[in-house]
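User: I'm new to reading protein folds. Can we go through this one together?

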Amino acid sequence: MKTAYVTGADRGLGEALARALLSEDYHVFAGQYLPDWPQLTALLNAHPDKLTVLPLDVTSDVSVATAAELVAAETDHLDLLINNAALFQDRSGSVMDDLYFDDMLTLYDTNCLGPLRVTHSVMPLLRAGHRKLLVNISSEAGSIGQCWRKKEYGYAMSKAALNMQSAILRNHLEEYGIQVMAIHPGYVRSYMLGHFNEDATVDADESARGILELIRLRTDSHAPLYLDYQGSALPW
Ligand SMILES: NC(=O)c1ccc[n+]([C@@H]2O[C@H](COP(=O)([O-])OP(=O)(O)OC[C@H]3O[C@@H](n4cnc5c(N)ncnc54)[C@H](OP(=O)(O)O)[C@@H]3O)[C@@H](O)[C@H]2O)c1
């Protein structure tokens with residue numbers, strides 16, 4: 001059976017990815033951060049045999065290790081890991097006003113160290129996978145080459161660092177047959193602002209479909225690493 005692990009699967013893109021993977025006959029391990037949010041429970045009711053919901057806070061070593069144990073209790077391999085969980089709400093401030101370093105550290109811990117913690121926690125399972133694919137959900141905000149922002153230090157720097165992490169992982173994991181991708185999902189209608197963002201331009205389902213299509217087409221480990229959900233390479 002094909003197996004996938006998706007973090008931050010409560011809502012937004014993560015929930016859409018989990019749902020799309022279930023429809024493609026994956027067994028999905030879904031990281032749950034918001035136990036009271038109903039979407040993942042509804043998905044579990046619809047797919048009780050193919051979905052495993054795991055409590056997961058990617059900033060906690062204990063939570064990440066416990067989730068990995070629960071995955072390993074149910075499968076001996078992972079074909080696909082999608083590090084999707086992240087925080088956006090950026091209260092970093094401005095160099096002309098105040099700067100809030102604690103908020104920046106939280107963003108770095110969640111968006112950059114979180115994926116590395118999770119990847120590390122399931123490395124034996126990923127090595128044993130048939131497909132062996134690691135996807136970090138990045139952002140155009142992590143592109144230094146096309147940076148247009150004058151603020152949002154915490155979010156943008158965390159995603160630039162995630163891109164570097166993805167590049168290092170690709171170098172290292174090639175010898176183990178594991179491919180790595182860093183994907184910008186588009187400007188997605190999700191809950192990144194703390195409420196549903198109607199003003200965004202892409203439905204989470206459309207973005208998830210695009211990402212799964214890229215995953216399906218991925219064969220060349222030397223293909224561009226950092227790309228958007230429609231397959232266009234982004235400048236680092
Ligand atoms: N939406 C966009 O336009 C956009 C653009 C570029 C990149 N992205 C990336 O796309 C991915 C998915 O974001 P989204 O748009 O679907 O946002 P979302 O609706 O906020 O989903 C992200 C999920 O991750 C959860 N999460 C936050 N902190 C976590 C933690 N410490 N451990 C585990 N889960 C945690 C969130 O919970 P809370 O809701 O409680 O925070 C939420 O359920 C993120 O990596 C994001 O950076 C999004």
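User: Which residue in strand 6 is the bridge partner of Asn-136?

Analyst: That's Ala-182. Quick note: this is a predicted model, where local features need pLDDT of at least 70, side-chain atom pairs count only at pLDDT 80 or more, and totals for chains, interfaces and linings use all residues. Residues are numbered from 1 along each chain as its sequence is written.

User: What makes strand 5 and strand 6 a pair?

Analyst: Strands are DSSP runs of E, at least two residues, and helices are runs of H or I, at least four, numbered from the N terminus. Two strands pair if DSSP finds at least two bridges between them. Strand 5 (residues 133–137) and strand 6 (residues 179–184) have five bridges, in the parallel sense, so they count as paired.

User: Why are strand 3 and strand 9 called edge strands?

Analyst: The open sheet has seven strands in the order 3-2-1-4-5-6-9, with parallel pairing. Strand 3 (51–55) and strand 9 (226–228) each pair on one side only.

User: How do you know which residues join helix 3 and helix 4?

Analyst: Two residues are in contact if their C-beta atoms, placed from the backbone, lie within 7 Å. By that test, Asp-61, Val-64, Ala-65 and Ala-68 in helix 3 meet Arg-117, Val-118 and Ser-121 in helix 4.

User: What makes four of those residues nonpolar?

Analyst: Ala, Val, Leu, Ile, Met, Phe, Trp, Tyr, Cys and Pro count as nonpolar, Asp, Glu, Lys and Arg as charged, and the others, Gly among them, as polar. The contact therefore divides into four nonpolar, one polar and two charged.
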